[in-house]
Amino acid sequence: MKQLLISKDLRETRVALVEDGKLAELYVERPGYLSMVGNIYKGRVENVLVGMDAAFVDIGLDKNGFLYVDEVTFPGTVSGRSRKITDILKPGKELMVQVTRDPMGGKGPRLTTQVGLAGRYVVYLPDSSVSGVSRRLESGERDRLRALIKELGSEAGGIIVRTAAEGADLEAMSRDLRFLQRVWGAVCRRAVKAQAPSLVFGEAELAVRAVRDLLGPGFGSVLVDDENLHRRVANYLRAVAPELVGEIQHFVGNGALFETFGIEGEARKALTRRVELPSGGYLIIDHTEAMTVIDVNTGRFVGKRFLGDTTLKTNLEACREIMRQLRLRDIGGIIVIDFIDMTPKTSREQVVAALEAELSRDRTKTYVVEISPLGLVEMTRQNITLGLREVMTKTCPTCRGLGVVLSEESAAIEVERNLRRMARESTARILRVELHPRVAALLLTGHPPRLKQLEAETDVTFLIQAADENTPLDRLEVVTD
C-alpha cells in the first residue's frame, strides 16, 4: 500500500512517498532551490565548441546551458553521427530549449531542443512523430495502449505513453493530450513575443508534479495539509484526470502531517552517513565529486550458522536498503557498492538478482554491472535534480567538505613552526599571541613545557592568550597593545 503525503509551510514544500509504512522517496522544494527540469526557454547561442560538439546557450541564468549536438533536433537538421555542431548552430542564433537536468556543482543546466510536455498519462512531443509506450508495463497492456495511440491520430505529434496510463481508456488519454496541446499553443504564442533569453514555460510546482507522476494503482490515500495547495492539486486533476479528484484529501489533524505519520525522524536519517540494517549490519554512504560509494558491513550481526550464510543475508538486506536510500536521497551519477566478499558464484548471482528486483521500484533510469570477484557492483543512476543532501545541507566551513579537521597535536606543531618563523622575522624579544585554548594548553604542558623549549630555542618570550573555543585550531594571531 502506498501513501502520498504533501506538506507545505512558509519556507518549503515537502512530498513524501510512503510504501508499506516506510518512507521511500522524499522531495523538498524551497524558494532558493526550485528545480528547472521541464522549463522551456527562448535562448540564444553564446558559444559553439567544435572540440566538444556542443554549444553553450544563454537562457537568462548565471550559467549558460549546455546543448550537445545529439540534443539538437529542430526542423531542418539531419540526424546521424556525421552531424557537426558548427553545421547546425551559430553564435547569436535564437532557439527554443528545454532543461533536462538541473545545474549541479559548477556545471550549468543540460538542454535539449526536443521539447516534451509531461501530462498525467502521456508525454506530448510537439515537434516529433515518435510514439511509444513505457517499458515498465506488461506486454499485453503495452499492445492495448499502442492501439489507443493510433486512435488518437497521427497529426497530434509524438506521444509517449507513461506508466500511469495503465488501465486508462481512450477518453482519459485524449483529454490529457488536449490539455497538453493547449499548453503548447500558449507556449508558442508566448515565445513569438518574447525576447531571448527568457522563460516561456515553467514546470508545475512540486505538489502537482508529484501527483501527476506518482499517483497510480495501489495508493491508499493522498493527504495535503495546506488548504490552498489542496485546491490547486484538485483543480489540476479536474482538468486531466477528474476520476482521481476524490483521492486527494485535505489533512486536518491535531499535529503536523509529517510528525503524525513519523516522517520527520526518517527525513533526518536520510542525511546521515551510517544506515542500520535489520539484522545488525549497516551501510556507510560516502559522497565524492566523481561518485557515491556505499560500503556494506556485518556490524554486530554474526549469524547462527556459517559465515557464508551471514554474509549472504547481510548482502541481501543491503540490496533492499541501498535501493531505498538511493531513491530517498535521490542519489545520481556513478555509484559503487562494496558488498561483503562472497566466494560462491550462486551467492553473487542472488545478490545481483535481488538488486535488480529492487530496481523495479525505481522510476529513475539505472544501469547495473555484474558483481566483481572483489564484491563490487558498479551502477549508474540518472542525475536529473538536486538530491536531499544538496538541498538541505551545505559544505562545512571548518573542514570544507573533507569530513576531517586537523587534530590538536597537528595544529600545535604547525603553530610551533609559525612561532619559530615569527621569531626569526621579528626584532621584538617578547611576542603576545592568541591561540585556540586547546592548542595553548598543549604548548603549556609537558616536562619541560613545549613553550619553554621553544623560547629557549628562539630566545623570544611568547605570552600566550586563549582565544574563543570556536576559533580554528591552527589560527595564530599576534596581539598588539
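This is a predicted model: local features need pLDDT of at least 70, side-chain atom pairs count only at pLDDT 80 or more; totals for chains, interfaces and linings use all residues.
In soluble globular proteins, nonpolar side chains tend to be buried together. Here the largest nonpolar core contains 50 residues, and Leu4, Tyr121, Val161 and Met173 are those with the most contacts inside it. Helix α3, which covers residues 170-193, gives the most to this core, contributing 7 residues. A second, separate core is made up of 27 residues, among them Ile322, Ile331, Ile337 and Met379. The surroundings of Leu4 can be listed in some detail: leaving aside residues up to four places away in sequence, Leu4 touches Val15, Ala16 and Leu17, then Ala210, Val211 and Leu214, and also Phe219, Ser221, Val222 and Leu223.

The buried residues of α5 are Leu229, His230, Val233, Ala234, Tyr236, Leu237 and Val240. Viewed down the helix axis, these buried residues fall within an arc of 155°, and they therefore line one face of α5. Their cover includes the strands β1 (2-8), β2 (13-19), β14 (219-224) and β15 (248-250), together with the helices α3 and α4 (206-214). At the start of α5, Asp226 places a side-chain oxygen within 3.2 Å of the backbone nitrogen of Asn228.

Aromatic rings come next, with a count of 3 aromatic pairs in the model. In one of them, Phe179 and Tyr236 have ring centres 6.2 Å apart and planes at 80°; because angles over 60 degrees count as edge-to-face, the pair is assigned to that class. Since Phe179 belongs to helix α3 and Tyr236 to helix α5, the pair ties together parts that are 57 residues apart in sequence. The two partners can also be described by their accessibility: Phe179 is partly exposed, with a relative accessible area of 22%, whereas Tyr236 is buried, with a value of 12%.

Glu29 has a relative accessibility of 13% and so counts as buried, the cut-off being under 20%. The side chain of Glu29 reaches the backbone nitrogen of Leu206 at 3.3 Å. Apart from residues up to four places away in sequence, Glu29 touches Glu12, Thr13, Leu34, Glu205, Leu206 and Arg209.

Conventions:
Residues are numbered from 1 along each chain as its sequence is written. Side-chain values use heavy atoms; hydrogens and water are left out. A nonpolar core is a set of buried Ala, Val, Leu, Ile, Met, Phe, Trp, Tyr and Cys residues joined through side-chain atoms within 4.5 Å. Buried means under 20% relative accessible area, exposed over 50%, partly exposed in between (1.4 Å probe, protein chains only). Helices (H or I, at least four residues) and strands (E, at least two) are DSSP runs, numbered from the N terminus. Contact means heavy atoms within 4.5 Å. The arc is that of the directions from the helix axis to the C-beta atoms. A polar contact is a pair of N or O atoms within 3.5 Å; within protein, one must be able to donate a hydrogen and the other to accept it, and residues adjacent in sequence count only if both atoms are side-chain atoms. Rings of Phe, Tyr and Trp (its six-membered ring) pair if their centres lie within 6.5 Å; planes under 30 degrees apart count as stacked, over 60 as edge-to-face and the rest as tilted.
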